[in-house]
Amino acid sequence: MSLKEKLQQDWKDALKSKDKIKATTISMARAAVLQIEKTKSIKLDDEQIIEVLAKEVKLRRDSLIEFEKGKRKDLVDASNAEIEILMNYLPQQLTEDEIKKLIIDIASEIEANSMKDMGKIMAAIVPKTKGRADGSLVSTLVKEYLSK
């Protein structure tokens with residue numbers, strides 16, 4: 001079963017079980033996928049759908065910060081619930097230690113040792129972490145590594 005089919009089936013199941021948050025969250029994710037497919041006139045594969053879902057998670061995490069500043073616990077709780085639902089469709093997320101090991105391996109492989117080489121490391125690491133780690137976290141860890 002493709003990821004798109006799984007989203008469709010889980011959405012139907014959520015509607016049947018009257019799980020409003022899950023149904024709404026999956027519906028928004030499906031809409032984001034359909035929007036890209038219609039805009040670009042292409043059919044997304046599972047890898048591309050994972051990218052879309054990762055962006056949806058990132059949007060919600062960014063919103064969380066603002067909701068917390070505004071002391072909107074209701075919106076914080078809703079965003080956390082949506083993130084948890086979407087994370088079920090993403091591959092296992094990398095830990096900071098796993099990302100750091102990847103950075104070390106890539107840096108030694110391409111002989112990167114200064115901030116000038118950040119672009120080279122990012123170009124090499126992004127394909128390996130796409131959908132499995134937050135890009136801003138990866139960027140921060142690369143900066144930390146290169147500033148040592």
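**Exercise 1.** Find what covers the buried residues of helix H7, and state on which side of H7 those residues lie.

*Solution.* What covers the buried residues of H7 includes helix H5 (96-109) and helix H6 (118-129), where helices are DSSP runs of H or I with at least four residues, numbered from the N terminus. The model is predicted, so that local features need pLDDT of at least 70 and side-chain atom pairs count only at pLDDT 80 or more, while totals for chains, interfaces and linings use all residues. Residues are numbered from 1 along each chain as its sequence is written, and side-chain values use heavy atoms, with hydrogens and water left out. The buried residues of H7 (buried means under 20% relative accessible area, with a 1.4 Å probe and protein chains only) are Val-138, Ser-139, Leu-141, Val-142 and Leu-146. They cover an arc of only 165 degrees around the axis, taken from the directions from the helix axis to the C-beta atoms, and therefore lie on the same side of H7.

**Exercise 2.** Work out which residues of H5 are buried and which exposed residues its opposite face carries.

*Solution.* Buried in H5 are Ile-99, Leu-102, Ile-103, Ile-106 and Ala-107. Their arc around the axis is only 125 degrees, which puts them on the same side of H5. The face turned away from this buried side carries Asp-97, Lys-101, Ser-108 and Glu-109, which are exposed, that is, over 50% relative accessible area. Among what covers the buried residues of H5 are H6 and H7. Just after H5, Glu-111 takes a positive phi of about 55 degrees.

Conventions
Helix = DSSP H or I, 4+ residues; strand = E, 2+ residues; numbered from the N terminus. Contact = heavy atoms within 4.5 Å.
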